[in-house]
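Here is a short report for a reader new to this structure.

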Amino acid sequence: MDTQVPTLLIVEDEDLQFEVYEEIFGEDYRIARARSGSEMLEGVAEVLPDLVILDHVLDEGERGLAFLSELAEIAPHAPIIVVSGALEAHERIEALQGPRRATYCLTKPVDLTQLAGTAGGALRECGASDVVLRFTALDRSCPAAEEEFFSPPTDRRSRPHRTP
């Protein structure tokens, strides 16, 4: 079993809300904080989070969903949980769709037990270990013989042309 403590990046501008998250996750995670999307993007490569909790309404009028694509590109292995009370149903659906998307979208006020369970499940099912498992499964399902790499091409353009 992996004994490394996972890193949780919490993108939250409200101090009280951050303290609640810190209380819930402080014993099981190494916690990093960003107050805005801009601050998050500046530090995410240094932090290398295993999991991200992203608030939607942030400091300086920023919107968390506006940074979702860039965050998913910088840390594609990290599950992203968007937590917001300001998202309409169609915005939640948009946040969960596409290649650079949130893994989960929870509505504030969030049930803290549900959030803790979602975070644990996200790490088990969607984190870096999941990426490794996918590549391992792909490697096992597609064994390639050395001869295949070095054999002559077999597509129809490489065959001699026959005339009737």
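Predicted model: local features only at pLDDT ≥ 70, side-chain atom pairs only at ≥ 80, totals over all residues.

Lysine 108 sits in the loop between S5 and helix H5 (112-126), while glutamate 12 sits in the loop between S1 and H1, so the pair ties together parts that are 96 residues apart in sequence. Is glutamate 12 buried or exposed? Glutamate 12 is buried, with a relative accessible area of 0%. The pair also belongs to a network of salt bridges that links Glu12, Asp55 and Lys108.

How many salt bridges does the structure hold? There are four. Two of them involve aspartate 15, as its pairs with arginine 33 and arginine 35 show. Aspartate 15 lies in helix H1 and arginine 33 in strand S2, so far as sequence goes 18 residues apart. Arginine 35 lies in the loop between S2 and H2, 20 residues from aspartate 15. Each of these pairs links distant parts of the chain.

| Salt bridge | Closest N to O |
|---|---|
| Aspartate 15 and arginine 33 | 3.1 Å |

Accessibility can be read residue by residue. Aspartate 15 is partly exposed, at 40% relative accessibility. Arginine 33 is partly exposed too, at 23%. Arginine 35 counts as partly exposed at 32%.

## The sheet

Strands of a sheet pair through backbone hydrogen bonds, either parallel or antiparallel. Which order do the strands take here? Five strands form an open sheet in the order S2-S1-S3-S4-S5, and the pairing is parallel. S2 and strand S5 (104-107) are at the edges with a single partner strand each, so one side of each is left without a neighbour in the sheet. On average, neighbouring strands of this sheet are turned by 20 degrees against each other, direction ignored.

Strand S1 (residues 7-11) runs parallel to strand S2 (residues 30-34), and five bridges join them. Leucine 8 stands opposite isoleucine 31 in S2. Between these strands the chain passes through helix H1 (residues 15-25), and this β-α-β crossover is right-handed.

S1 also runs parallel to strand S3 (residues 51-55), joined by four bridges. Here isoleucine 10 has isoleucine 53 of S3 as its bridge partner.

## The cores

Nonpolar side chains tend to be buried together in soluble globular proteins. In this model, the largest nonpolar core has 22 residues. Which members touch the most others? They are Leu9, Val11, Met40, Val52, Leu54, Ile80 and Val82. S1, S2, helix H2 (37-47), S3, helix H3 (68-74) and strand S4 (80-84) each give two or more residues to this core.

Isoleucine 80 shows what such contacts look like. Leaving out residues up to four places away in sequence, isoleucine 80 touches Val52, Leu54, Leu68, Leu71, Ala72, Arg101, Ala102, Thr103 and Tyr104.

Definitions and conventions: Residues numbered from 1 in each chain as written. Heavy atoms only, no water. Pairing = 2+ DSSP bridges. Right-handed = clockwise from strand over helix to strand, strands pointing away. Axes fitted to C-alpha atoms, helices over the stretch in contact; angles between N-to-C directions. Core = buried A, V, L, I, M, F, W, Y, C linked by side-chain atoms within 4.5 Å. Buried < 20%, exposed > 50% of the residue type's maximum accessible area, 1.4 Å probe, protein only. Contact = heavy atoms within 4.5 Å. Salt bridge = Lys/Arg side-chain N within 4 Å of Asp/Glu carboxyl O.
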